[in-house]
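Notebook open, viewer running. I am jotting down what I looked up, one topic per entry.

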Amino acid sequence: MKIYNTLSKRKEEFEPICEGKVRMYVCGPTVYNLIHIGNARPMIVFDTVRRYMEYKGLDVNYVSNFTDVDDKIIKKANEEGVEPSVISERYIEECKKDMKALNVKPATTHPLATNEIDGMLEMIETLLEKGHAYVASDGTVYYKTRSFKDYGKLSHKNLDDLRGGNRSLLVSGEDQKEDPLDFVLWKPKKEGEPYWEAPWCDGRPGWHIECSVMSKRYLGDEIDIHAGGEDLIFPHHENEIAQSEAANEKPFAKYWMHNGFLNIDNKKMSKSAGNFFTVRDISEKYDLQVLRFFMLSAHYRSPLNFSEELMEAAKNGYERIVTCVSNLNYLIEKAEINEIDAAGDNERSYLEEAKSYIAKFEEAMEDDFNTADAISSIFELVKYANTKASENSSKEFLTQLKKEILMLSDICGLIVEKEDEILDDEIEALIQERQDARKAKNFARADEIRDNLLKQGIILEDTREGVKWKRA
Ligand code: AMP
Ligand code: ZN
(Lines give C-alpha, C1' and ligand atoms only; values in the text may rest on other atoms or scores of the structure.)
(Ligands and ions follow the chains in the order given, each with its own letter.)
Protein backbone atom coordinates (compact mmCIF):
# COMPACT_ATOMS: atom_id res chain seq x y z
CA MET A 1 0.00 0.00 0.00
CA LYS A 2 1.50 3.30 -1.06
CA ILE A 3 0.78 6.61 0.64
CA TYR A 4 1.88 10.05 -0.49
CA ASN A 5 3.74 11.52 2.45
CA THR A 6 3.75 15.34 2.63
CA LEU A 7 6.94 15.04 4.68
CA SER A 8 9.00 13.40 1.93
CA LYS A 9 6.86 14.74 -0.96
CA ARG A 10 6.65 11.29 -2.51
CA LYS A 11 4.64 8.08 -2.38
CA GLU A 12 6.05 5.65 0.16
CA GLU A 13 5.27 2.04 0.96
CA PHE A 14 3.08 1.99 4.05
CA GLU A 15 4.73 0.13 6.92
CA PRO A 16 3.02 0.61 10.28
CA ILE A 17 5.27 1.09 13.32
CA CYS A 18 3.67 -1.94 15.04
CA GLU A 19 2.79 -4.73 12.67
CA GLY A 20 -0.92 -5.06 12.02
CA LYS A 21 -1.82 -1.89 13.91
CA VAL A 22 -2.39 1.65 12.69
CA ARG A 23 -2.44 4.71 14.91
CA MET A 24 -4.08 7.55 13.07
CA TYR A 25 -4.96 11.12 14.12
CA VAL A 26 -7.18 13.38 12.02
CA CYS A 27 -7.61 17.05 12.97
CA GLY A 28 -11.30 17.63 13.50
CA PRO A 29 -13.49 20.72 13.20
CA THR A 30 -13.84 23.73 15.45
CA VAL A 31 -17.40 23.45 16.65
CA TYR A 32 -19.12 26.84 16.40
CA ASN A 33 -21.48 26.14 13.51
CA LEU A 34 -22.91 23.35 11.38
CA ILE A 35 -20.06 21.75 9.42
CA HIS A 36 -19.65 22.93 5.83
CA ILE A 37 -19.03 20.69 2.85
CA GLY A 38 -15.31 21.55 2.93
CA ASN A 39 -15.08 20.09 6.46
CA ALA A 40 -16.84 16.97 5.20
CA ARG A 41 -14.04 16.25 2.71
CA PRO A 42 -11.35 15.15 5.22
CA MET A 43 -13.99 13.26 7.22
CA ILE A 44 -15.05 11.23 4.19
CA VAL A 45 -11.59 10.80 2.70
CA PHE A 46 -9.87 9.62 5.87
CA ASP A 47 -12.83 7.47 6.88
CA THR A 48 -12.34 5.71 3.53
CA VAL A 49 -8.62 5.28 4.23
CA ARG A 50 -9.56 3.72 7.56
CA ARG A 51 -12.17 1.45 5.99
CA TYR A 52 -9.71 0.20 3.37
CA MET A 53 -7.07 -0.50 6.02
CA GLU A 54 -9.62 -2.41 8.08
CA TYR A 55 -10.62 -4.39 4.98
CA LYS A 56 -6.93 -5.32 4.66
CA GLY A 57 -7.05 -6.68 8.21
CA LEU A 58 -5.27 -3.81 9.95
CA ASP A 59 -6.46 -2.77 13.38
CA VAL A 60 -6.97 1.00 13.16
CA ASN A 61 -7.02 3.20 16.23
CA TYR A 62 -8.60 6.36 14.81
CA VAL A 63 -8.60 9.55 16.84
CA SER A 64 -10.27 12.75 15.73
CA ASN A 65 -10.69 15.74 18.02
CA PHE A 66 -13.25 18.47 18.37
CA THR A 67 -11.75 21.90 19.03
CA ASP A 68 -14.20 23.19 21.63
CA VAL A 69 -12.39 26.30 22.90
CA ASP A 70 -11.72 28.98 20.33
CA ASP A 71 -12.36 32.66 19.58
CA LYS A 72 -15.22 31.86 17.21
CA ILE A 73 -17.00 29.69 19.79
CA ILE A 74 -16.61 32.39 22.44
CA LYS A 75 -17.90 35.07 20.06
CA LYS A 76 -21.00 33.03 19.23
CA ALA A 77 -21.60 32.26 22.93
CA ASN A 78 -21.45 35.98 23.74
CA GLU A 79 -23.87 36.78 20.91
CA GLU A 80 -26.35 34.23 22.25
CA GLY A 81 -25.66 35.06 25.89
CA VAL A 82 -24.79 31.47 26.80
CA GLU A 83 -21.71 29.60 28.03
CA PRO A 84 -19.23 28.53 25.28
CA SER A 85 -19.85 24.88 26.24
CA VAL A 86 -23.51 25.29 25.21
CA ILE A 87 -22.35 26.24 21.71
CA SER A 88 -19.69 23.52 21.41
CA GLU A 89 -21.94 20.76 22.76
CA ARG A 90 -24.73 21.77 20.39
CA TYR A 91 -22.50 21.68 17.31
CA ILE A 92 -20.72 18.48 18.32
CA GLU A 93 -24.15 16.80 18.39
CA GLU A 94 -25.04 18.31 15.01
CA CYS A 95 -21.69 17.28 13.56
CA LYS A 96 -22.23 13.71 14.73
CA LYS A 97 -25.63 13.67 13.00
CA ASP A 98 -24.02 14.79 9.73
CA MET A 99 -21.26 12.21 10.11
CA LYS A 100 -23.86 9.48 10.55
CA ALA A 101 -25.75 10.59 7.45
CA LEU A 102 -22.47 10.63 5.51
CA ASN A 103 -21.77 7.12 6.87
CA VAL A 104 -18.53 8.32 8.49
CA LYS A 105 -17.72 5.86 11.26
CA PRO A 106 -17.35 7.34 14.73
CA ALA A 107 -13.67 7.60 15.69
CA THR A 108 -12.26 5.17 18.25
CA THR A 109 -11.95 8.31 20.40
CA HIS A 110 -13.27 11.83 19.82
CA PRO A 111 -11.38 13.86 22.44
CA LEU A 112 -12.41 17.38 23.39
CA ALA A 113 -9.72 20.00 23.91
CA THR A 114 -11.32 21.26 27.14
CA ASN A 115 -10.99 17.81 28.74
CA GLU A 116 -7.26 17.68 28.05
CA ILE A 117 -6.00 20.87 29.72
CA ASP A 118 -3.86 18.96 32.28
CA GLY A 119 -1.95 17.24 29.49
CA MET A 120 -1.42 20.60 27.81
CA LEU A 121 -0.04 22.17 31.00
CA GLU A 122 2.31 19.21 31.33
CA MET A 123 3.63 19.44 27.77
CA ILE A 124 4.10 23.21 28.02
CA GLU A 125 6.04 22.69 31.26
CA THR A 126 8.27 20.13 29.52
CA LEU A 127 8.89 22.54 26.63
CA LEU A 128 9.84 25.28 29.10
CA GLU A 129 12.20 22.92 30.95
CA LYS A 130 13.86 21.86 27.73
CA GLY A 131 14.40 25.44 26.61
CA HIS A 132 11.91 25.32 23.72
CA ALA A 133 9.52 27.86 25.23
CA TYR A 134 9.55 31.06 27.28
CA VAL A 135 7.11 33.09 29.34
CA ALA A 136 6.56 36.71 28.31
CA SER A 137 5.96 39.42 30.92
CA ASP A 138 2.15 39.21 30.55
CA GLY A 139 2.24 35.45 31.23
CA THR A 140 1.85 34.33 27.60
CA VAL A 141 3.91 31.23 26.87
CA TYR A 142 5.54 31.16 23.42
CA TYR A 143 7.22 28.35 21.57
CA LYS A 144 10.75 29.35 20.57
CA THR A 145 10.58 28.28 16.93
CA ARG A 146 14.28 28.68 16.19
CA SER A 147 15.11 26.25 18.99
CA PHE A 148 13.72 23.40 16.87
CA LYS A 149 16.25 22.74 14.16
CA ASP A 150 13.84 20.79 11.91
CA TYR A 151 11.24 23.56 11.78
CA GLY A 152 9.86 23.79 8.24
CA LYS A 153 10.47 20.15 7.32
CA LEU A 154 6.80 19.40 6.64
CA SER A 155 5.89 22.53 4.71
CA HIS A 156 9.33 22.55 3.07
CA LYS A 157 9.85 26.13 4.12
CA ASN A 158 13.09 27.69 5.15
CA LEU A 159 13.12 29.59 8.44
CA ASP A 160 14.74 32.68 6.96
CA ASP A 161 12.23 32.82 4.08
CA LEU A 162 9.46 32.54 6.61
CA ARG A 163 10.85 35.34 8.67
CA GLY A 164 11.34 37.65 5.71
CA GLY A 165 8.01 36.96 4.08
CA ASN A 166 5.82 36.57 7.10
CA ARG A 167 5.81 39.76 9.08
CA SER A 168 2.07 39.23 9.20
CA LEU A 169 2.73 36.46 11.71
CA LEU A 170 3.46 39.23 14.15
CA VAL A 171 -0.10 40.22 14.92
CA SER A 172 -1.03 42.92 17.36
CA GLY A 173 -1.23 41.84 20.96
CA GLU A 174 1.53 39.33 20.38
CA ASP A 175 4.33 41.86 20.32
CA GLN A 176 6.07 40.34 23.28
CA LYS A 177 7.41 37.63 21.05
CA GLU A 178 11.18 37.36 20.87
CA ASP A 179 10.85 36.37 17.22
CA PRO A 180 7.92 36.80 14.81
CA LEU A 181 8.05 33.06 14.10
CA ASP A 182 7.33 32.12 17.72
CA PHE A 183 3.82 30.93 18.38
CA VAL A 184 1.50 30.82 21.36
CA LEU A 185 1.28 27.80 23.65
CA TRP A 186 -0.73 29.47 26.41
CA LYS A 187 -2.45 32.86 26.50
CA PRO A 188 -3.71 34.98 29.41
CA LYS A 189 -7.42 35.13 30.14
CA LYS A 190 -9.56 37.95 28.87
CA GLU A 191 -12.72 39.37 30.40
CA GLY A 192 -15.74 37.17 29.62
CA GLU A 193 -13.70 34.23 28.32
CA PRO A 194 -13.30 30.74 29.73
CA TYR A 195 -9.98 30.14 31.47
CA TRP A 196 -8.02 27.55 33.42
CA GLU A 197 -5.48 28.03 36.19
CA ALA A 198 -1.86 27.66 35.18
CA PRO A 199 1.53 28.44 36.77
CA TRP A 200 2.24 31.25 34.27
CA CYS A 201 -1.15 32.96 34.24
CA ASP A 202 -4.79 31.96 34.24
CA GLY A 203 -5.73 31.52 30.63
CA ARG A 204 -6.33 29.09 27.79
CA PRO A 205 -4.26 27.01 25.40
CA GLY A 206 -3.16 27.89 21.89
CA TRP A 207 -4.71 25.77 19.15
CA HIS A 208 -1.62 23.80 18.09
CA ILE A 209 -0.81 22.37 21.52
CA GLU A 210 -4.23 20.71 21.69
CA CYS A 211 -3.53 18.23 18.90
CA SER A 212 0.02 17.39 20.08
CA VAL A 213 -1.40 16.52 23.49
CA MET A 214 -4.50 14.61 22.37
CA SER A 215 -2.47 12.58 19.89
CA LYS A 216 0.06 11.70 22.63
CA ARG A 217 -2.60 10.80 25.16
CA TYR A 218 -4.67 8.50 22.96
CA LEU A 219 -2.08 7.14 20.53
CA GLY A 220 1.34 7.55 22.16
CA ASP A 221 4.45 9.58 21.27
CA GLU A 222 4.91 8.05 17.83
CA ILE A 223 2.01 7.53 15.47
CA ASP A 224 1.61 6.16 11.95
CA ILE A 225 -0.58 8.73 10.23
CA HIS A 226 -1.48 12.33 10.97
CA ALA A 227 -4.00 13.85 8.60
CA GLY A 228 -6.11 16.88 7.77
CA GLY A 229 -6.82 19.41 5.05
CA GLU A 230 -3.86 20.94 3.20
CA ASP A 231 -4.44 24.33 4.84
CA LEU A 232 -3.23 22.72 8.06
CA ILE A 233 0.27 21.88 6.75
CA PHE A 234 1.46 25.32 7.74
CA PRO A 235 1.48 26.47 10.43
CA HIS A 236 -0.71 23.98 12.36
CA HIS A 237 1.01 20.69 11.56
CA GLU A 238 4.46 22.26 11.37
CA ASN A 239 3.89 23.60 14.87
CA GLU A 240 2.54 20.27 16.12
CA ILE A 241 5.77 18.58 14.94
CA ALA A 242 7.89 21.24 16.66
CA GLN A 243 5.98 20.79 19.95
CA SER A 244 5.72 17.00 19.96
CA GLU A 245 9.22 16.19 18.77
CA ALA A 246 10.84 18.72 21.09
CA ALA A 247 8.82 17.51 24.10
CA ASN A 248 8.89 13.74 23.44
CA GLU A 249 12.28 13.57 21.71
CA LYS A 250 10.86 11.04 19.25
CA PRO A 251 9.65 11.32 15.66
CA PHE A 252 5.97 12.33 15.81
CA ALA A 253 4.06 10.95 12.80
CA LYS A 254 5.55 8.65 10.16
CA TYR A 255 3.14 9.61 7.35
CA TRP A 256 1.47 12.98 6.87
CA MET A 257 -1.61 12.95 4.65
CA HIS A 258 -3.43 16.05 3.41
CA ASN A 259 -6.57 16.42 1.37
CA GLY A 260 -6.92 19.09 -1.30
CA PHE A 261 -9.43 21.89 -0.95
CA LEU A 262 -13.02 21.88 -2.02
CA ASN A 263 -14.01 24.96 -4.04
CA ILE A 264 -17.41 26.08 -5.20
CA ASP A 265 -17.89 26.92 -8.87
CA ASN A 266 -14.10 27.23 -9.05
CA LYS A 267 -14.00 29.82 -6.28
CA LYS A 268 -12.89 29.60 -2.70
CA MET A 269 -15.85 28.85 -0.48
CA SER A 270 -16.76 31.91 1.54
CA LYS A 271 -19.76 33.00 3.53
CA SER A 272 -19.43 36.63 2.51
CA ALA A 273 -19.34 35.75 -1.21
CA GLY A 274 -22.54 33.74 -0.72
CA ASN A 275 -21.04 30.50 -2.04
CA PHE A 276 -21.08 28.56 1.18
CA PHE A 277 -22.94 25.34 1.88
CA THR A 278 -23.31 23.36 5.05
CA VAL A 279 -23.72 19.60 4.83
CA ARG A 280 -27.25 20.20 6.13
CA ASP A 281 -28.02 22.53 3.18
CA ILE A 282 -27.01 19.79 0.77
CA SER A 283 -29.12 17.21 2.61
CA GLU A 284 -32.24 19.18 1.71
CA LYS A 285 -31.66 18.48 -1.96
CA TYR A 286 -29.66 15.25 -2.08
CA ASP A 287 -29.24 11.99 -0.24
CA LEU A 288 -25.92 12.58 1.56
CA GLN A 289 -24.62 9.36 0.06
CA VAL A 290 -24.50 11.34 -3.19
CA LEU A 291 -22.23 13.90 -1.50
CA ARG A 292 -19.99 11.09 -0.28
CA PHE A 293 -19.88 9.60 -3.78
CA PHE A 294 -19.05 13.03 -5.20
CA MET A 295 -16.14 13.52 -2.76
CA LEU A 296 -14.66 10.14 -3.65
CA SER A 297 -14.99 10.63 -7.38
CA ALA A 298 -11.79 12.72 -7.33
CA HIS A 299 -8.37 11.90 -5.91
CA TYR A 300 -8.19 13.15 -2.32
CA ARG A 301 -5.11 15.27 -2.98
CA SER A 302 -6.58 17.11 -5.96
CA PRO A 303 -8.59 20.26 -5.58
CA LEU A 304 -12.27 19.43 -5.98
CA ASN A 305 -14.81 21.69 -7.57
CA PHE A 306 -18.37 21.57 -6.29
CA SER A 307 -21.18 22.53 -8.67
CA GLU A 308 -24.80 21.63 -9.28
CA GLU A 309 -23.83 19.90 -12.52
CA LEU A 310 -21.17 17.74 -10.88
CA MET A 311 -23.56 16.79 -8.08
CA GLU A 312 -26.14 15.69 -10.68
CA ALA A 313 -23.46 13.56 -12.34
CA ALA A 314 -22.57 12.07 -8.93
CA LYS A 315 -26.26 11.33 -8.32
CA ASN A 316 -26.48 9.42 -11.60
CA GLY A 317 -23.31 7.50 -10.83
CA TYR A 318 -24.43 6.56 -7.33
CA GLU A 319 -27.88 5.54 -8.53
CA ARG A 320 -26.36 3.25 -11.15
CA ILE A 321 -24.94 1.12 -8.32
CA VAL A 322 -28.12 1.32 -6.22
CA THR A 323 -30.26 0.25 -9.19
CA CYS A 324 -28.00 -2.69 -9.97
CA VAL A 325 -28.25 -3.95 -6.37
CA SER A 326 -32.01 -3.54 -6.37
CA ASN A 327 -32.26 -5.50 -9.67
CA LEU A 328 -30.11 -8.24 -8.21
CA ASN A 329 -32.45 -8.40 -5.20
CA TYR A 330 -35.42 -8.74 -7.54
CA LEU A 331 -33.69 -11.54 -9.47
CA ILE A 332 -32.68 -13.30 -6.25
CA GLU A 333 -36.35 -13.42 -5.23
CA LYS A 334 -37.21 -14.87 -8.66
CA ALA A 335 -34.48 -17.50 -8.34
CA GLU A 336 -35.88 -18.43 -4.92
CA ILE A 337 -39.38 -18.84 -6.34
CA ASN A 338 -38.07 -20.86 -9.29
CA GLU A 339 -35.80 -22.83 -6.96
CA ILE A 340 -32.65 -22.24 -9.01
CA ASP A 341 -30.14 -22.42 -6.18
CA ALA A 342 -26.68 -23.61 -7.16
CA ALA A 343 -24.47 -21.83 -9.69
CA GLY A 344 -23.83 -23.59 -13.00
CA ASP A 345 -20.43 -24.00 -14.66
CA ASN A 346 -20.83 -20.89 -16.78
CA GLU A 347 -21.77 -18.85 -13.76
CA ARG A 348 -18.75 -20.13 -11.88
CA SER A 349 -16.45 -18.93 -14.62
CA TYR A 350 -18.24 -15.55 -14.66
CA LEU A 351 -17.61 -15.26 -10.94
CA GLU A 352 -13.93 -16.00 -11.53
CA GLU A 353 -13.87 -13.21 -14.12
CA ALA A 354 -15.65 -10.81 -11.76
CA LYS A 355 -12.75 -11.19 -9.30
CA SER A 356 -10.60 -9.16 -11.67
CA TYR A 357 -12.70 -6.08 -10.80
CA ILE A 358 -11.99 -6.59 -7.12
CA ALA A 359 -8.28 -6.84 -7.93
CA LYS A 360 -8.51 -3.60 -9.94
CA PHE A 361 -10.31 -1.90 -7.09
CA GLU A 362 -7.58 -2.95 -4.66
CA GLU A 363 -4.84 -1.87 -7.02
CA ALA A 364 -6.36 1.63 -7.23
CA MET A 365 -6.71 1.89 -3.47
CA GLU A 366 -3.16 0.62 -2.89
CA ASP A 367 -1.92 3.48 -5.07
CA ASP A 368 -2.37 6.27 -2.54
CA PHE A 369 -6.12 5.69 -2.27
CA ASN A 370 -7.12 6.48 -5.81
CA THR A 371 -10.84 6.35 -5.08
CA ALA A 372 -11.71 7.75 -8.53
CA ASP A 373 -10.25 4.65 -10.19
CA ALA A 374 -11.60 2.40 -7.43
CA ILE A 375 -15.13 3.66 -8.16
CA SER A 376 -14.55 3.04 -11.88
CA SER A 377 -13.89 -0.61 -11.07
CA ILE A 378 -17.14 -0.77 -9.08
CA PHE A 379 -18.86 0.54 -12.23
CA GLU A 380 -17.19 -2.15 -14.31
CA LEU A 381 -18.40 -4.79 -11.89
CA VAL A 382 -21.90 -3.29 -11.99
CA LYS A 383 -21.87 -3.36 -15.78
CA TYR A 384 -20.69 -6.95 -15.72
CA ALA A 385 -23.45 -7.89 -13.28
CA ASN A 386 -26.04 -6.12 -15.44
CA THR A 387 -25.02 -8.10 -18.53
CA LYS A 388 -24.59 -11.49 -16.87
CA ALA A 389 -27.53 -11.57 -14.45
CA SER A 390 -30.92 -12.62 -15.79
CA GLU A 391 -34.19 -14.26 -14.77
CA ASN A 392 -32.51 -17.64 -15.39
CA SER A 393 -29.57 -16.97 -13.07
CA SER A 394 -29.04 -18.98 -9.93
CA LYS A 395 -29.47 -17.61 -6.45
CA GLU A 396 -25.86 -18.48 -5.61
CA PHE A 397 -24.51 -16.56 -8.60
CA LEU A 398 -26.66 -13.48 -8.01
CA THR A 399 -25.99 -13.42 -4.30
CA GLN A 400 -22.24 -13.59 -4.86
CA LEU A 401 -22.31 -10.71 -7.36
CA LYS A 402 -24.36 -8.62 -4.99
CA LYS A 403 -22.05 -9.44 -2.09
CA GLU A 404 -19.03 -8.21 -4.07
CA ILE A 405 -20.69 -4.96 -5.11
CA LEU A 406 -21.76 -4.33 -1.52
CA MET A 407 -18.27 -5.14 -0.22
CA LEU A 408 -16.50 -2.67 -2.51
CA SER A 409 -19.14 0.01 -1.95
CA ASP A 410 -18.83 -0.47 1.80
CA ILE A 411 -15.06 0.12 1.66
CA CYS A 412 -15.95 3.48 0.14
CA GLY A 413 -18.55 3.90 2.89
CA LEU A 414 -21.34 3.97 0.30
CA ILE A 415 -24.69 2.52 1.33
CA VAL A 416 -26.07 1.11 -1.91
CA GLU A 417 -28.75 -1.23 -0.63
CA LYS A 418 -31.77 0.60 0.67
CA GLU A 419 -33.58 -1.21 3.42
CA ASP A 420 -37.29 -1.52 2.77
CA GLU A 421 -39.14 0.73 5.12
CA ILE A 422 -41.89 -1.01 7.05
CA LEU A 423 -45.27 0.24 5.81
CA ASP A 424 -47.99 1.75 7.99
CA ASP A 425 -50.39 -1.14 7.19
CA GLU A 426 -47.85 -3.73 8.30
CA ILE A 427 -47.34 -1.84 11.55
CA GLU A 428 -51.09 -1.68 12.21
CA ALA A 429 -51.41 -5.41 11.53
CA LEU A 430 -48.59 -6.23 13.96
CA ILE A 431 -50.13 -3.99 16.62
CA GLN A 432 -53.41 -5.88 16.23
CA GLU A 433 -51.57 -9.19 16.51
CA ARG A 434 -49.90 -7.92 19.67
CA GLN A 435 -53.29 -6.97 21.17
CA ASP A 436 -54.65 -10.41 20.35
CA ALA A 437 -51.59 -12.08 21.88
CA ARG A 438 -52.07 -10.04 25.06
CA LYS A 439 -55.75 -11.02 25.30
CA ALA A 440 -54.69 -14.64 24.96
CA LYS A 441 -52.12 -13.97 27.73
CA ASN A 442 -49.31 -14.80 25.32
CA PHE A 443 -47.10 -12.03 26.69
CA ALA A 444 -43.91 -13.46 25.25
CA ARG A 445 -45.27 -13.01 21.70
CA ALA A 446 -46.63 -9.55 22.55
CA ASP A 447 -43.19 -8.45 23.81
CA GLU A 448 -41.50 -9.98 20.81
CA ILE A 449 -43.64 -7.93 18.44
CA ARG A 450 -42.91 -4.73 20.35
CA ASP A 451 -39.15 -5.44 20.36
CA ASN A 452 -39.06 -6.27 16.66
CA LEU A 453 -40.88 -3.06 15.83
CA LEU A 454 -38.48 -1.10 18.00
CA LYS A 455 -35.54 -2.56 16.05
CA GLN A 456 -37.14 -1.12 12.93
CA GLY A 457 -37.45 2.28 14.56
CA ILE A 458 -41.14 2.01 15.53
CA ILE A 459 -42.01 3.04 19.07
CA LEU A 460 -45.25 1.80 20.64
CA GLU A 461 -47.00 3.63 23.39
CA ASP A 462 -49.86 2.11 25.39
CA THR A 463 -52.31 4.89 26.20
CA ARG A 464 -55.84 5.00 27.60
CA GLU A 465 -57.16 5.52 24.10
CA GLY A 466 -55.33 2.45 22.83
CA VAL A 467 -51.94 1.78 21.29
CA LYS A 468 -50.21 4.67 19.56
CA TRP A 469 -47.08 4.39 17.48
CA LYS A 470 -44.44 6.68 16.02
CA ARG A 471 -41.27 6.39 13.97
CA ALA A 472 -38.10 7.12 15.97
P1 AMP B 1 -11.57 23.78 10.66
O2 AMP B 1 -12.82 23.61 11.44
O3 AMP B 1 -11.52 24.99 9.80
O4 AMP B 1 -10.34 23.61 11.52
O5 AMP B 1 -11.52 22.57 9.59
C6 AMP B 1 -11.66 21.21 9.91
C7 AMP B 1 -11.07 20.38 8.80
O8 AMP B 1 -11.68 20.69 7.54
C9 AMP B 1 -9.57 20.62 8.57
O10 AMP B 1 -8.94 19.37 8.28
C11 AMP B 1 -9.54 21.54 7.38
O12 AMP B 1 -8.33 21.42 6.68
C13 AMP B 1 -10.68 21.01 6.56
N14 AMP B 1 -11.24 21.98 5.60
C15 AMP B 1 -11.74 23.21 5.88
N16 AMP B 1 -12.18 23.82 4.75
C17 AMP B 1 -11.98 22.95 3.73
C18 AMP B 1 -12.24 22.98 2.31
N19 AMP B 1 -12.83 24.04 1.71
N20 AMP B 1 -11.89 21.90 1.58
C21 AMP B 1 -11.31 20.83 2.15
N22 AMP B 1 -11.04 20.72 3.47
C23 AMP B 1 -11.35 21.77 4.27
ZN1 ZN C 1 -4.87 19.55 14.71
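**Entry 1: the ligand shell.** I asked which element gives the largest share of the shell around ligand 1. It is α1, with three residues. Helices here are DSSP runs of H or I with at least four residues, strands are E runs of at least two, and both are numbered from the N terminus. α1 and β9 each supply at least two residues of that shell. I keep in mind that this is a predicted model, where local features need pLDDT of at least 70, side-chain atom pairs count only at pLDDT 80 or more, and totals for chains, interfaces and linings use all residues. Residues are numbered from 1 along each chain as its sequence is written, chains are lettered from A and ligands numbered from 1 in the order in which they are written, and side-chain values use heavy atoms, with hydrogens and water left out.

Next I looked up who sits around the ligand. There are 16 residues around ligand 1, and T30, G38, G229, D231 and L262 come nearest; a residue is near if one of its heavy atoms lies within 4 Å. By class I noted six nonpolar, nine polar and one charged. For this, Ala, Val, Leu, Ile, Met, Phe, Trp, Tyr, Cys and Pro count as nonpolar, Asp, Glu, Lys and Arg as charged, and the others, Gly among them, as polar.

**Entry 2: polar contacts of the ligand.** I took pairs of N or O atoms within 3.5 Å; within protein, one must be able to donate a hydrogen and the other to accept it, and residues adjacent in sequence count only if both atoms are side-chain atoms. A backbone N or O atom of L262 is 2.9 Å from a nitrogen atom of ligand 1. A polar backbone atom of G38 lies 3.1 Å from a nitrogen atom of the ligand. N39 uses its side chain instead: a polar atom there is 3.2 Å from an oxygen atom of ligand 1. How much of the ligand's accessible area does the protein cover? The protein covers 87% of the 480 Å² that ligand 1 has on its own, by the Shrake-Rupley method with a 1.4 Å probe; for residues, only the protein chains shown count as cover.

**Entry 3: the parallel sheet.** I traced an open sheet of four strands, β4-β3-β9-β10, with parallel pairing; two strands pair if DSSP finds at least two bridges between them. β4 (59–64) and β10 (253–259) are the edge strands, each with a single partner, so one side of each has no neighbour in the sheet. Neighbouring strands are turned by 20° against each other on average, direction ignored. Axes are lines fitted to C-alpha atoms, for helices over the stretch in contact, and angles run from 0 to 180 degrees between N-to-C directions.

β9 (residues 223–229) pairs with β10 over six bridges, and G229 stands opposite N259 in β10. Helix α1 (residues 37–55) lies across β3 (21–26), β4, β9 and β10, at about 165° to β4; contact means heavy atoms within 4.5 Å. Helix α7 (residues 233–248) lies across β9 and β10, at about 160° to β9. P235 is placed in α7, and a cis peptide bond joins F234 to P235, with omega about 0°.

**Entry 4: the antiparallel sheet.** I then followed the open sheet β5-β6-β7-β8, where four strands pair antiparallel. β5 (133–135) and β8 (203–205) stand at its edges with a single partner strand each, so one side of each is left without a neighbour. β6 (residues 141–143) and β7 (residues 183–188) share three bridges, and V141 stands opposite W186 in β7. Helix α4 (residues 117–129) packs on this sheet and touches β5, β6, β7 and β8, its direction making about 120° with that of β7.

Entry 5: Strands β1 (residues 2–5) and β2 (residues 10–13) run antiparallel, joined by four bridges, and K2 stands opposite E13. Their hairpin has four residues between the strands, and K9 in the turn has a positive phi of about 60°. β13 (residues 458–463) and β14 (residues 466–471) are antiparallel with six bridges, and they form a hairpin with two residues between them. D462 stands opposite V467 there.
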